[in-house]
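Here is a short briefing to read alongside the model. Have the sequence and the 3D view open as you go.

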Amino acid sequence: TDIGTLLDDPAAKAIVDKHLPGFTANDQISMARGMTLKSVQQYASDMVTDKALAGIQADLAKLPAAK
C-alpha cells in the first residue's frame, strides 16, 4: 500500500503515527505519497525499521476491510 493511501485513511494514518512518530508530519511526506513504507526504508532506515514495519502491518491487519 502506498503512503498516500495510508495517509488518506485516518485509522491507517494513526497506526503509522503510532509506530513512526513524526513520520506523517515530515515536511517532505508529500514527495513520498506514491512510495511504500518499505521503499522509504532505504532512505530512513533509522526510523523505518523492520520492527516498525512489522508493527504497522500487524495493526493494519486488525482494521476492518474497506467496503
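Where is the place of Leu63? Leu63 sits in the segment after H4, where helices (H or I, at least four residues) and strands (E, at least two) are DSSP runs numbered from the N terminus. This is a predicted model, in which local features need pLDDT of at least 70 and side-chain atom pairs count only at pLDDT 80 or more, while totals for chains, interfaces and linings use all residues. Residues are numbered from 1 along each chain as its sequence is written, and side-chain values use heavy atoms, with hydrogens and water left out.

**The segment after H4**
- Leu63 is partly exposed at 29% relative accessibility (buried means under 20% relative accessible area, exposed over 50%, partly exposed in between, with a 1.4 Å probe and protein chains only).
- Leaving aside neighbours within four places in sequence, Leu63 is in contact with Ala11, Ala12 and Ile15 (contact means heavy atoms within 4.5 Å).
- From C-alpha to C-alpha, Leu63 and Ala12 are 8.2 Å apart, although 51 residues separate them in sequence.

**Helix packing**
- H2 and H4 pack with their axes 9 Å apart, at an angle of about 150° (axes are lines fitted to C-alpha atoms, for helices over the stretch in contact, and angles run from 0 to 180 degrees between N-to-C directions).
- That angle makes H2 roughly antiparallel to H4, a label for angles over 145 degrees.
- On the H2 side, the contact is made by Ala12, Ile15, Val16, Lys18 and His19, and on the H4 side by Ala52, Gly55, Ile56, Asp59 and Leu60.

**The nonpolar core**
- The largest nonpolar core has 17 residues, of which Ile3, Val16, Leu20, Phe23, Leu37, Val40 and Val48 touch the most other members (such a core is a set of buried Ala, Val, Leu, Ile, Met, Phe, Trp, Tyr and Cys residues joined through side-chain atoms within 4.5 Å).
- Two or more residues of this core come from each of helix H1 (3-8), H2, H3 and helix H4 (50-62).

**Two polar side chains**
- Gln41 lies in helix H3 and counts as buried, at 11% relative accessibility.
- The side chain of Gln41 makes a polar contact with the side chain of Asp50 at 2.9 Å (a pair of N or O atoms within 3.5 Å; within protein, one must be able to donate a hydrogen and the other to accept it, and residues adjacent in sequence count only if both atoms are side-chain atoms).
- Asn26, in the loop between helix H2 (10-19) and helix H3 (37-41), has a side chain that reaches the backbone nitrogen of Gln28 at 2.6 Å.

Notes. Parallel < 35°, antiparallel > 145°, perpendicular 65-115°, else oblique.
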